[in-house]
Amino acid sequence: QVTTLQALTERAYSDSLSCLLNRQTFLNRLGRRLPKARSGVLILFDADHFKQINDQYGHGLGDRCIEAIGHRFKWHSRDSDLAGRIGGDEFAVFLSDVTEEHARAIATRLGMPVSFSDRNSETHLTVTLSAGATVIDSDRTLEEHLNDADSALYVAKAAGRAQLRFSNRATSISLSGSRHTDPQPTIEPTKPSRSSIKLISK
């Protein structure tokens, strides 16, 4: 009975696909922590060309993409951090008690390209992520932090995707390991009976 209650509680607070916090829970918890935060960074992540995955391969493979990103964030975030899915292909991570330099290192690790595959076929894909970040200031509101991070994310995507942009910086950090160009899909056949499509930066 206790196990059942715990499962129901987790389900109420979690997103079913990513297994991260759902939007409402993430925002509620972040809102409570911001006024007391001594330092930290809020990062918004977005899967590049996610609509193309759904349109070309179906929502089933799109779901696998969300699951893979959620797994990355769940297992590479610290216990003190918050990680949630706040939109269709948009995720948020709050890194508590970190310097900007440390946050950049964590965000780069979280934002590396994510590989996933279709459970019912041999289709394998890799999706890149774009990210926008803002340094926490306890004098600012939750909405102001979200707007700053979202604006930085917009700049990152407009500048070529697959990169991390801080709202207080004029330069970006690559999340693809290559130059900042728009990571368009390219198909790379591996075997006659098997295909592989990767979303990479050229």
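A nonpolar core is a set of buried Ala, Val, Leu, Ile, Met, Phe, Trp, Tyr and Cys residues joined through side-chain atoms within 4.5 Å; buried means under 20% relative accessible area, exposed over 50%, and partly exposed in between (1.4 Å probe, protein chains only). The model is a predicted one, in which local features need pLDDT of at least 70 and side-chain atom pairs count only at pLDDT 80 or more, whereas totals for chains, interfaces and linings use all residues. Residues are numbered from 1 along each chain as its sequence is written, and side-chain values use heavy atoms, with hydrogens and water left out.

Helices (H or I, at least four residues) and strands (E, at least two) are DSSP runs, numbered from the N terminus. In strand E1, eight of eight residues are buried. On one side of E1 these are Gly40, Leu42, Leu44 and Asp46, and on the other Val41, Ile43, Phe45 and Ala47, so that both faces are covered. E1 runs antiparallel to E3, to which seven bridges join it; two strands pair if DSSP finds at least two bridges between them. Within this pairing, Asp46 stands opposite Glu90 in E3. Seven bridges also join E1 to strand E6 (residues 129-135), again in an antiparallel arrangement, and here Ile43 stands opposite Ala133. Both Ile43 and Ala133 are in contact (heavy atoms within 4.5 Å) with Leu164, whose other contacts beyond four places in sequence include Arg104, Ala107 and Ile173.

A pair of aromatic rings is described by the distance of the centres and the angle of the planes. Rings of Phe, Tyr and Trp (its six-membered ring) pair if their centres lie within 6.5 Å; planes under 30 degrees apart count as stacked, over 60 as edge-to-face and the rest as tilted. The count by this rule is two aromatic pairs. Phe45 and Phe73 form a tilted pair, 4.8 Å centre to centre and with 50° between the planes. Because Phe45 lies in strand E1 (residues 40-47) and Phe73 in helix H4 (residues 59-76), this pair ties together parts that are 28 residues apart in sequence. Phe73 also pairs edge-to-face with Phe91, at 5.6 Å centre to centre and 85° between the planes. Since Phe91 belongs to strand E3 (residues 90-96), the pair ties H4 to a part 18 residues apart in sequence. Phe45, Phe73 and Phe91 form one aromatic cluster. Phe73 is buried, with a relative accessible area of 0%, and Phe91 is buried with a value of 0%.

Charged side chains also lie over rings, a term that requires NZ of Lys or CZ of Arg within 6 Å of the ring centre and within 35 degrees of the ring normal. The charged end of Arg104 sits over the ring of Phe166, 4.5 Å from its centre, while Arg29 lies over the face of Tyr13, 5.3 Å from the ring centre.

Most residues other than glycine have a negative phi. His49, however, has a positive phi of about 55°; this residue is found in the loop between E1 and helix H3 (50-57) and counts as buried at 16% relative accessibility.
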